[in-house]
Amino acid sequence: MATLPIITLPDPILRKVSAPIERVDDELRTLMDDMLESMYAAPGVGLAAIQVGVPRRLLVVDVAEDGEAPAPLCLVNPEIVSLGPETRVHEEGCLSIPDVRVEIERPSTLTVRYLDREGVLQEITADGLLATAIQHEINHLDGKLIIDFLSSLKRDMVVRKFKKQARSTEAL
Ligand SMILES: [Zn+2]
């Protein structure tokens, strides 16, 4: 297993729409393992393949709390089947946008269909943080980021900050 570098703003790849995965094979399982390791190392509760530079529809999540047994989930080609009527507000962070948190209201439950590690079709109903995390990661697969939930003024401020940071890093 390997820890992969996580791509951050303002890298334009984060805006790419990820393509469906045709086959769940050993190569993809290696990517899943590397993504899980990278997510745990960050640490974070979710990671989409595009965040490590792979524009394919794959995400990993684990919302188990400290002290609980790990509960990794790998979702290939996830599709939302239904969203619940209630909503939940959560202050979301993103490994690709360090130190920025955005309060986002999303449906508090959802049913999602996906292929698992073995390529078997699964369907789960999630709530709470897991429901939030899955929606956040599916947004990544469509090139959508948490800053898109901000007003355009605030979003521009965040993007400018990251562009400035990127320039000063290059200068070193
Ligand atoms: Zn994110």
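Buried means under 20% relative accessible area, exposed means over 50%, and partly exposed lies in between (1.4 Å probe, protein chains only). This is a predicted model, in which local features need pLDDT of at least 70 and side-chain atom pairs count only at pLDDT 80 or more, while totals for chains, interfaces and linings use all residues. Residues are numbered from 1 along each chain as its sequence is written, and side-chain values use heavy atoms, with hydrogens and water left out.

**View 1. Val45, in the loop between helix H1 (26-41) and S1.** Helices (H or I, at least four residues) and strands (E, at least two) are DSSP runs, numbered from the N terminus. Val45 has a relative accessible area of 35%, so it counts as partly exposed. Contact means heavy atoms within 4.5 Å. Setting aside neighbours within four places in sequence, Val45 is in contact with Met39, Val60, Val61, Asp62, Val63 and Ala133. Ser18 and Val45 are 27 residues apart in sequence; their C-alpha atoms are 20 Å apart in space.

**View 2. Gln51, in the loop between strand S1 (46-48) and S2.** Gln51 counts as buried because its relative accessibility is 1%. Its side chain makes a polar contact of 2.9 Å with the side chain of Ser96. A polar contact is a pair of N or O atoms within 3.5 Å; within protein, one must be able to donate a hydrogen and the other to accept it, and residues adjacent in sequence count only if both atoms are side-chain atoms. Beyond four places in sequence, the contacts of Gln51 include Pro5, Ile6, Ile7, Leu14 and Gly46. Cys94 and His140 are also among them.

**View 3. The zinc ion and its protein donors, Cys94 (SG), His136 (NE2) and His140 (NE2).** These donors lie 2.1 to 2.3 Å from the zinc ion. Donors are N, O and S atoms within 2.8 Å of the metal (3.2 Å for Na, K and Ca); water is not among the atoms, so sites may look incomplete. Along the chain, the donor spacing is C-x41-H-x3-H.

**View 4. Antiparallel pairing of S3 (residues 73-83) with S2 (residues 58-61).** Two strands pair if DSSP finds at least two bridges between them. Four bridges join S2 to S3. Leu59 stands opposite Leu75 in S3. S3 also runs antiparallel to strand S6 (residues 109-115), with five bridges joining them. Here Leu83 stands opposite Leu110 in S6.

**View 5. The hairpin of S6 and S7.** S6 pairs with strand S7 (residues 121-127) in the antiparallel sense, over seven bridges. Tyr114 has Gln122 in S7 as its bridge partner. Five residues lie between the two strands, and Gly119 in the turn has a positive phi of about 85°.

**View 6. Asp99, in the loop between strand S4 (87-92) and strand S5 (102-107).** Asp99 counts as exposed because its relative accessibility is 78%. Leu58 and Asp99 are 41 residues apart in sequence and 24 Å apart in space, C-alpha to C-alpha.

**View 7. Lys144 and the ring of Phe149.** The charged end of Lys144 sits over this ring, 4.6 Å from its centre. A charge sits over a ring if NZ of Lys or CZ of Arg is within 6 Å of the ring centre and within 35 degrees of the ring normal.
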